[in-house]
Amino acid sequence: MTDEPDERIVPDVHETAADIASMEIRGAATIADAAAAALASQATASTAGTSAAFEAELQAAARRLYETRPTAVSLPNALRYVLRDMDGESVAALRESVVESARSFREDLSDAQDRLGRIGANRLRDGDTVMTHCHSTDALACVKGAVDQGKDVSAVVKETRPRKQGHITAEALREWGVPVTLVVDNAARRYLERVDHVLVGADSIAADGSVVNKIGTSGLAVNARDRGVPVMVAAQTIKLHPGTLTGHTVEIENRAETEVVSDSERDRITDGHPADPEFVVENPAFDVTPPRYVDAIVTEHGQFPPESIVTLMRELFGTDVGEPWD
Ligand code: RI2
């Protein structure tokens, strides 16, 4: 094993991978879109002399992208989609097939979000208030769909520690003229009595209908059930985790502790002994909401009770998923 960068991988792929790892590029759908675009860049800029060398390069680029963030299944699903159709007798033909697959994948992704948004919007009535967690373009598409249908919708937006991605949600909603009340995460239960829906996205959905989403989603869903507020998950089918059909589990990403405490805060807590082994910070980025706390999963193919999502998953992915970058 060496840490030397793979010289076959073009700068665009390295940049995209670094941006995904640092969360400059984030959100499951956006990550999938960027990964497909990066594979197209690799194909376009490749100087491989043989078909075998070209295919190996694309696999290396896919692996580089795959290793950035482990939880959002949209990333391997995107890579799989683009590599699956890599076909041709010559380098030129292979290149064309990758560029075309990436293009159609990105177009489908955007269409799927529009369709999902229109379906999710049907669940929202004129005058409804939604509570959001983190920032999800799929969840926001449902609100946008409702606004486009002429409905007045307002939002209680959870700040979402540690990265405060609720601010991105608030900004998008205000752009569309949606009234926003921003609250800290700990205030969610108190505000649930004022809302008609909890509306969140997903990073991965398992075959049993469990929803893997930004940390804090499961607690919110349990509280919502207690308050009688329906929980709606907006997730394109690219978020369905085919590996869970064959017994794999979804890896939960742990992020840097500096997202939780700064160096000076750590110093203060440990009384000037920052290496104190008895002081530990943990920063899991996601949690798992069991299907019994979810009322509906809204996809571009319609809305599903979480327990029946497995049928859609089988239909779309089958069980033979493989990892073409290996
Ligand atoms: P869209 C985000 O994760 C959030 O957990 C959000 O619900 C999910 O991705 C889906 O986002 P992160 O990448 O695909 O911010 O709906 O850690 O945009």
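Visitor: Is Met23 buried or exposed in this model?
Guide: The model is a predicted one, and within it Met23 is found in the loop between helix H1 (11–22) and H2. Its relative accessibility is 6%. Because the cut-off for burial is under 20% relative accessible area, Met23 counts as buried.

Visitor: What is the phi of Met23, which is not a glycine?
Guide: Most residues other than glycine have a negative phi. Met23 is not a glycine, yet its phi is positive. The value for Met23 is about 70 degrees.

Visitor: Where does Asp271 lie, and what is its phi?
Guide: Asp271 is placed in the loop between helix H10 (263–269) and strand S8 (286–289). Asp271 is a residue other than glycine with a positive phi. That phi is near 50 degrees.

Visitor: Is Asp271 buried or exposed?
Guide: The relative accessibility of Asp271 is 63%. A residue is exposed when this value is over 50%. Asp271 therefore counts as exposed.

Visitor: Is the peptide bond from Arg161 to Pro162 cis or trans?
Guide: Pro162 lies in the loop between strand S2 (154–158) and helix H7 (166–175). Most peptide bonds are trans. From Arg161 to Pro162, however, omega is near 5 degrees, and the bond is cis.

Visitor: Which residues are the closest to the ligand?
Guide: The ligand is surrounded by 19 residues. The closest of them are Arg26, Ala29, Thr137, Asp203 and Asn213.

Visitor: At what distance does a polar side-chain atom of Thr137 lie from an oxygen atom of the ligand?
Guide: Thr137 is among the closest residues to the ligand. A polar atom of the Thr137 side chain and an oxygen atom of the ligand form the pair in question. Their separation is 2.6 Å.

Visitor: Which part of Asp138, backbone or side chain, supplies the N or O atom that lies 3.0 Å from a ligand oxygen?
Guide: For Asp203, an N or O atom in the side chain is 2.6 Å from an oxygen atom of the ligand. For Asp138, the N or O atom that lies 3.0 Å from a ligand oxygen belongs to the backbone.

Visitor: How much of the area that the ligand exposes when taken alone does the protein bury?
Guide: An oxygen atom of the ligand is 2.6 Å from a side-chain N or O atom of Asp203. Taken alone, the ligand exposes 450 Å². Of that area, the protein buries 100%.

Visitor: Which elements give two or more residues to the shell around the ligand?
Guide: The ligand sits in the largest cavity. Two or more shell residues come from each of these elements: helix H2 (28–45), helix H6 (137–148) and strand S6 (211–214).

Visitor: How far apart in space are Ser41 and Asp138, C-alpha to C-alpha?
Guide: Ser41 is placed in helix H2, and Val10 and Asp12 are in contact with Ser41 once neighbours within four places in sequence are left aside. Ser41 and Asp138 are 97 residues apart in sequence. From C-alpha to C-alpha, the two are 26 Å apart.

Visitor: What is the relative accessible area of Gly209?
Guide: Gly209 lies in the loop between strand S5 (204–205) and S6. Leaving aside neighbours within four places in sequence, Gly209 is in contact with Thr289, Pro291, Ile297, Pro306 and Ile309. Gly209 is buried, and its relative accessible area is 0%.

Visitor: Is Thr129 buried or exposed?
Guide: Thr129 is found in strand S1 (residues 129–132). Its contacts beyond four places in sequence include Ser154, Arg194 and His197. At 12% relative accessibility, Thr129 counts as buried.

Visitor: How far apart in space are Pro230 and His197, C-alpha to C-alpha?
Guide: Pro230 is found in the loop between helix H9 (217–227) and strand S7 (231–234), and counts as partly exposed at 26% relative accessibility. His197 is one of the residues that Pro230 touches, together with Asp196, Val198 and Asp295. Although 33 residues separate Pro230 and His197 in sequence, their C-alpha distance is 5.3 Å.

Conventions: Residues are numbered from 1 along each chain as its sequence is written. This is a predicted model: local features need pLDDT of at least 70, side-chain atom pairs count only at pLDDT 80 or more; totals for chains, interfaces and linings use all residues. Side-chain values use heavy atoms; hydrogens and water are left out. Helices (H or I, at least four residues) and strands (E, at least two) are DSSP runs, numbered from the N terminus. Buried means under 20% relative accessible area, exposed over 50%, partly exposed in between (1.4 Å probe, protein chains only). Contact means heavy atoms within 4.5 Å. A residue is near a molecule or strand if one of its heavy atoms lies within 4 Å of it. A polar contact is a pair of N or O atoms within 3.5 Å; within protein, one must be able to donate a hydrogen and the other to accept it, and residues adjacent in sequence count only if both atoms are side-chain atoms. Accessible areas come from the Shrake-Rupley method with a 1.4 Å probe; for residues, only the protein chains shown count as cover. On a 1 Å grid over the protein atoms alone, a cavity is a set of points where a 1.4 Å probe fits but cannot get out, and a pocket is an open set with protein on both sides within 12 Å along at least five of seven lines; lining residues have an atom within 4 Å of a point. A molecule sits in a cavity or pocket if more than half of its atoms lie within 2 Å of its grid points.
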